[in-house]
Structures are given as C-alpha cells and as structure tokens.
Amino acid sequence: MTTMFEELKAIILRALPTIDENTVQKLINQLQTSGLESIDDLKYVRQEDIADLLPIIQQRKLLDAFKMETEIITLNLQIEPTATSPGSSVLSSLPCSTPSSVRMSTSTGSSSQENCEPPSLIRKAWTETFQVPWNLMPVEVQTAISEGKRPSPAARRQMVRVLADEMRKYDLNPTRSQCLSVCRSIIHQYPKSFADQRENGQLLGGGYTSLLIQLKTRIENLNRTSSFRQHRTSDLGGKRGPTDIYGCTRFQPDLPPEETNDTVEVKQQKLEDIYGQEGVKGSERSEVKQLMETTFCLQRRHINALPAPAIADVRDKWPYLFTQKGLYAHFELLTDINVLRALEISMEECGKNIVEFFKSKPTNDKVQAVLSENDVELSLRVIQLLMAHFEESIEGLVLFENSFATAADLESMLTLPATPRLLLLGEKTSGRIEHWMVSLEGHIICEGIQPTFLTGLAAVFSTFYNFNLQYQEEAACTLEFIQRRFVGINPERGTKAGRGKVPSKKTGRVIHKKITTVNRNVSTLLRKLVDFEWDFI
C-alpha cells in the first residue's frame with residue numbers, strides 16, 4: 001500500500017518535476033511537523049507554510065497542485081422531467097436530498113433543499129470506476145508490484161495486452177484521454193514498477209508516457225484488422241507562449257524589491273560601458289556577475305518582447321550574456337538548474353551504461369559505425385550514439401571545423417544555419433577538441449574558454465531556453481533526451497519540439513507532425529535504458 005510519504009512525494013514531483021530530493025524531504029518534513037495527517041489536509045496549507053523552502057513561483061505551483069488534489073467539484077443541476085420520460089416517476093418519488101455520489105450547490109451558496117429540485121442521476125464515466133485486473137496479470141508483474149520492483153519488458157508487454165483486452169470490454173476503441181486516465185491511475189498506485197523515471201526517482205514528464213504509448217498502440221493494433229475504425233482530430237493552436245515558458249521557473253520575473261525600472265536600466269548601461277572598456281575579460285569581474293543577476297528581469301523583458309528581437313540586437317544590449325559563464329548563469333536563473341553540473345553528473349551516472357546498452361544491442365548500422373570509432377571522449381560518443389539511434393545527422397547539432405579557424409573565418413567560409421549549432425574546432429578523426437564555438441542565426445555568438453565537448457554542449461543547450469527557441473527538427477529527439485534524462489527538465493505538459501509540417505526522416509516527404517508531450521522514440525529509449533540498468537536485459 002502506498003504510504004502518505006510516497007503520495008506527498010508524487011504530488012510534489014508532479015507539480016515541480018525539477019525539484020531536488022533534499023528539498024522534497026524538507027517540504028514533507030515541514031508539512032508533517034505542521035500537523036498534516038492526511039492528503040485531504042493539503043487544502044489547509046498556506047503559502048507562508050512553505051515560503052522558506054521554495055521560490056515564489058514554485059510555491060504557487062505547489063499550492064495549485066495541493067488544491068487540485070483535494071478539490072471537490074460541485075454541480076448545480078436541474079432536471080425538468082417530461083410525461084414521456086421513463087425515469088420521471090422515479091425522480092418524482094425521490095426526496096429533495098442529494099445522492100451521496102453527487103454534491104449539489106447553487107451559485108449563491110444556498111441549499112438545494114430550498115428549491116426542492118429533483119437531483120440529477122449522473123452516470124460516471126467507465127474510466128472512473130475501472131479496476132485493473134491485477135489478478136489476471138503475469139505472476140512476475142504481481143511479484144514486482146508487491147516488491148516495488150520493475151517487471152521485465154516481456155512481462156510488461158503481457159500486462160499491456162491484458163489491460164487492453166479488459167478496457168475494450170467497455171469501449172472497443174478507447175480514446176487517448178481514456179487510456180491516459182487508466183495509465184495515470186496505474187502510475188499513481190505503483191510508480192516504482194511502471195513510472196518513467198530517473199535513477200533518483202524523479203518522474204519523466206508525468207511518468208506515464210511510455211505506458212500510454214504501449215497501451216494505445218496495442219489498442220490500435222487490435223482495431224486495425226477490424227471494420228471498426230474511428231478518426232479523432234483536435235485543434236491545436238500555435239501559440240508561442242507555452243513553448244517558451246516550458247521548463248522555466250522564472251520566465252518573466254518581477255523587479256528585485258530594491259530596484260526600479262530606471263535603476264536596472266542604469267545598471268544595464270553600466271554593463272555596456274564595462275564591456276566597451278574591457279571586452280569579454282570583464283566577465284570575470286564579480287561586479288559584472290552581480291549586475292547580470294540584478295538585471296535578469298530586464299534581460300527577460302527584452303528577450304520575451306513580441307515580436308521576438310533578433311539575436312544580434314539582444315547581443316548588443318547584453319554582451320556578457322553571450323559568454324560561456326553568461327549563458328550558464330542565465331539558464332540557472334531561468335530554470336533553477338546548473339546546466340553544466342547536471343550534464344557532468346549525468347554522464348558520470350549513466351554515460352557508460354548508455355554505451356554498453358548500444359553495444360549489447362546496436363539498433364542500426366549508424367550506431368554500429370559510431371561504436372567502431374576509437375579515442376572519442378565519452379560525452380561526445382554518447383551524443384553520437386543517441387543521434388545515430390534516432391537517425392539524426394550529427395550535423396543537426398554539432399559541426400566539426402579546422403582547429404585554426406577564427407569566428408570571422410567561419411562566418412565568411414560557411415553558411416551557418418539559423419538554429420543553434422555547436423562548432424568543435426579540432427581533429428574529427430581523433431576526437432581531440434581544441435576549442436568550441438556556438439552559432440545562432442548564422443553568426444558565432446559565443447566562444448568557449450574550456451576545450452571540452454561537455455562545456456560546449458551545456459552552452460548550446462542553454463540557448464534553447466535562454467532565447468525561447470524550439471528544438472530544430474534535425475536534432476529534436478536528441479535534444480529532448482538531453483533535456484529529460486541529463487538535465488532533468490520534465491514538465492507534464494508542452495514541448496520544445498517543432499510543430500506543423502516537417503520532412504519525414506524515412507521518406508523525405510512533407511508530413512504533419514503530431515504534437516506529444518514526450519516524443520515516442522525518446523520515451524521508448526528511456527524505458528529500455530531503465531530496464532537495462534535494472535539488469536532485465
């Protein structure tokens with residue numbers, strides 16, 4: 001049975017997927033110290049109760065999540081029975097009290113007794129009462145959930161078959177939302193056995209994506225051979241906001257308490273003056289670091305302006321933002337994540353496991369070719385393997401150039417793409433990197449100070465969040481994998497991937513790309529890696 005601690009942890013992680021384990025522990029301890037005895041008590045939590053543990057936006061997100069967990073939806077319904085209604089006699093004989101399954105209230109808060117209206121008999125959706133037939137599941141699945149372990153991929157596939165058959169007793173072709181409701185229930189009940197998560201227990205997205213994909217695919221396969229087929233469409237708008245805000249905790253912060261619009265403008269001008277006198281070297285000054293932190297709200301205001309400003313214009317106003325330290329610092333203020341440290345830890349934790357996974361089962365010829373190369377830095381090899389697996393060309397994210405080339409040389413010799421690229425200067429054959437640069441909108445915007453691939457990867461990845469950019473189609477899967485597995489940004493909604501019409505990787509023809517929170521290929525690989533790390537493969 002799930003303990004209250006685990007339930008609280010799951011609720012917190014769903015609301016704040018990037019929060020660290022230590023803060024989660026402190027939050028739960030503080031709530032329990034304050035007298036929390038059940039999940040229902042979350043409705044009594046106030047902002048001041050958690051103010052010393054979280055930034056203001058995270059406090060609000062968490063309180064909204066607590067409210068959703070405990071909120072009871074009330075309905076004000078009236079039914080006018082007709083003489084021909086077969087249920088009219090039943091309704092007329094009912095007392096004016098409401099059934100226990102439905103609570104009724106009026107908009108003014110008055111009791112339903114005053115009007116003595118017959119209550120509506122609401123029939124619940126089948127997903128609300130659906131029971132997963134755990135007794136029909138493979139023995140391995142039953143053992144795994146009782147021990148809090150993950151079942152093998154084969155046992156999990158068998159579980160999905162049983163689950164799909166049971167659901168089709170209620171609806172031959174359950175909608176995605178119905179499948180989602182069932183999957184969420186399973187993940188909420190047994191997160192350790194079925195959730196998409198990292199080794200530290202952090203959920204990837206809502207934790208249900210891979211199970212949802214498996215279940216919906218199974219149902220579609222069962223319906224494919226029958227005459228029954230149902231097409232469903234939805235109108236998805238192309239608003240810019242959700243993509244930009246995606247994963248950010250301080251997308252557009254307020255002014256610091258002690259500052260005004262005039263004072264931050266003065267400090268922005270001072271940064272320009274320092275850059276005019278000292279150039280890039282000025283970024284090492286502690287004064288510059290402090291000024292950049294103080295003017296972060298103004299930086300976001302300029303970047304978030306509509307229409308979006310050209311990167312060259314942003315660079316003119318904020319030259320220190322386009323240094324290695326500047327990109328890292330802005331990303332950390334924006335997301336509460338130290339991007340370089342997150343990548344370093346992830347490579348230490350799972351870099352070798354990823355290589356070993358592909359060695360044990362190369363997924364295509366391109367993966368095999370990457371594995372045959374020697375003397376390549378681990379982090380670079382991991383990215384090469386990921387891009388090969390997703391059938392994305394390495395040039396979609398990384399360009400290899402002559403070690404003696406300058407930024408001016410590269411801008412004049414090459415037609416640099418508009419989307420971000422990491423340029424590695426060195427010898428491609430040996431994998432030796434002497435220098436790196438980042439390009440965006442056809443220009444070099446940053447030159448690295450450390451000759452390692454990982455520092456360059458951290459810089460180019462930060463540009464997507466710092467400047468509100470979508471992932472380019474040529475590297476969308478790899479970038480989403482980096483985001484979710486390495487950096488730990490796992491929102492339940494939204495995506496950084498592009499949308500609309502894109503060329504198919506397999507046929508080259510233009511297709512309309514479906515919008516999903518977690519890319520199907522990314523989700524599948526994440527699940528297989530978790531299974532591999534649990535020694536099931």
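Colleague: In which strand is the place of glutamate 401?

Modeller: The model shown here is predicted. In it, glutamate 401 touches Leu410, Leu414 and Leu423, among others, not counting residues up to four places away in sequence. Its own place is in strand S1.

Colleague: Is glutamate 401 buried, partly exposed or exposed?

Modeller: Buried means under 20% relative accessible area and exposed means over 50%, with partly exposed in between. Glutamate 401 has 21% relative accessibility, so it counts as partly exposed.

Colleague: How far apart in space are glutamate 401 and leucine 425, C-alpha to C-alpha?

Modeller: Leu425 is one of the residues that glutamate 401 touches. In sequence the two are 24 residues apart. In space, C-alpha to C-alpha, the separation is 4.9 Å.

Colleague: In what sense do S1 and S2 pair?

Modeller: Leucine 399 stands opposite leucine 423 in S2. S1 and S2 are joined over four bridges, and the sense of the pairing is parallel.

Colleague: How many of the seven residues of S2 are buried?

Modeller: S2 takes in residues 421-427. This strand is mostly covered, and the number of its residues that are buried is six.

Colleague: What is the order of the strands in the open sheet of four strands?

Modeller: S1 and S2 pair in the parallel sense, whereas S3 and S4 pair in the antiparallel sense. The pairing in this open sheet is mixed, and the order is S1-S2-S3-S4.

Colleague: Which strands stand at the edges of the sheet?

Modeller: An edge strand here has a single partner strand, so one of its sides is left without a neighbour in the sheet. This holds for strand S1 (398-401) and strand S4 (443-447).

Colleague: Which residue in S4 is the bridge partner of methionine 437?

Modeller: S3 and S4 pair over four bridges in the antiparallel sense. The bridge partner of methionine 437 in S4 is glutamate 447.

Colleague: Which helix packs on the sheet?

Modeller: The helix in question touches S1, S2, S3 and S4. Its direction makes about 5° with that of S3. It covers residues 453-466 and is helix H22.

Colleague: Is serine 439 buried or exposed?

Modeller: Serine 439 lies in strand S3, which spans residues 432-440. Leaving aside neighbours within four places in sequence, serine 439 is in contact with residues including Leu416, Thr419, Ile444 and Ile445. Its relative accessibility is 0%, so serine 439 counts as buried.

Colleague: How are H14 and H15 oriented to each other?

Modeller: Helix H14 (residues 286-294) and helix H15 (residues 296-303) have axes that come within 4 Å. Met292, Glu293 and Thr294 in H14 meet Phe296, Cys297 and Gln299 in H15. By class, this contact has three nonpolar, two polar and one charged residues. The axes cross at roughly 55°, and the two helices are therefore oblique.

Colleague: What is the handedness of the crossing of H13 and H14?

Modeller: The axes of helix H13 (residues 261-278) and H14 come within 10 Å and cross at roughly 145°. On the H13 side the contact includes Val264 and Leu271, and on the H14 side it includes Val288 and Leu291. By class, there are six nonpolar, one polar and three charged residues in this contact. The crossing is left-handed.

Colleague: Is the peptide bond from leucine 306 to proline 307 cis or trans?

Modeller: Most peptide bonds are trans. Proline 307 has its place in the loop between H15 and helix H16 (311-317). The bond from leucine 306 to proline 307 has omega near -5° and is cis.

Colleague: What is the phi of aspartate 336?

Modeller: Aspartate 336 is in the loop between helix H17 (324-335) and helix H18 (339-360). Most residues other than glycine have a negative phi. Aspartate 336 is not a glycine, yet its phi is positive, at about 65°.

Colleague: Is asparagine 468 buried or exposed?

Modeller: Asparagine 468 lies in the loop between H22 and helix H23 (476-487). Its phi is positive, near 60°. Its relative accessibility is 9%, so asparagine 468 counts as buried.

Definitions and conventions: Residues are numbered from 1 along each chain as its sequence is written. This is a predicted model: local features need pLDDT of at least 70, side-chain atom pairs count only at pLDDT 80 or more; totals for chains, interfaces and linings use all residues. Side-chain values use heavy atoms; hydrogens and water are left out. Buried means under 20% relative accessible area, exposed over 50%, partly exposed in between (1.4 Å probe, protein chains only). Contact means heavy atoms within 4.5 Å. Axes are lines fitted to C-alpha atoms, for helices over the stretch in contact, and angles run from 0 to 180 degrees between N-to-C directions. Angles under 35 degrees count as roughly parallel, over 145 as roughly antiparallel, 65 to 115 as roughly perpendicular and the rest as oblique. Ala, Val, Leu, Ile, Met, Phe, Trp, Tyr, Cys and Pro count as nonpolar, Asp, Glu, Lys and Arg as charged, and the others, Gly among them, as polar. A crossing is left-handed if the near helix is turned anticlockwise from the far one by less than a right angle, and right-handed if clockwise. Two strands pair if DSSP finds at least two bridges between them.
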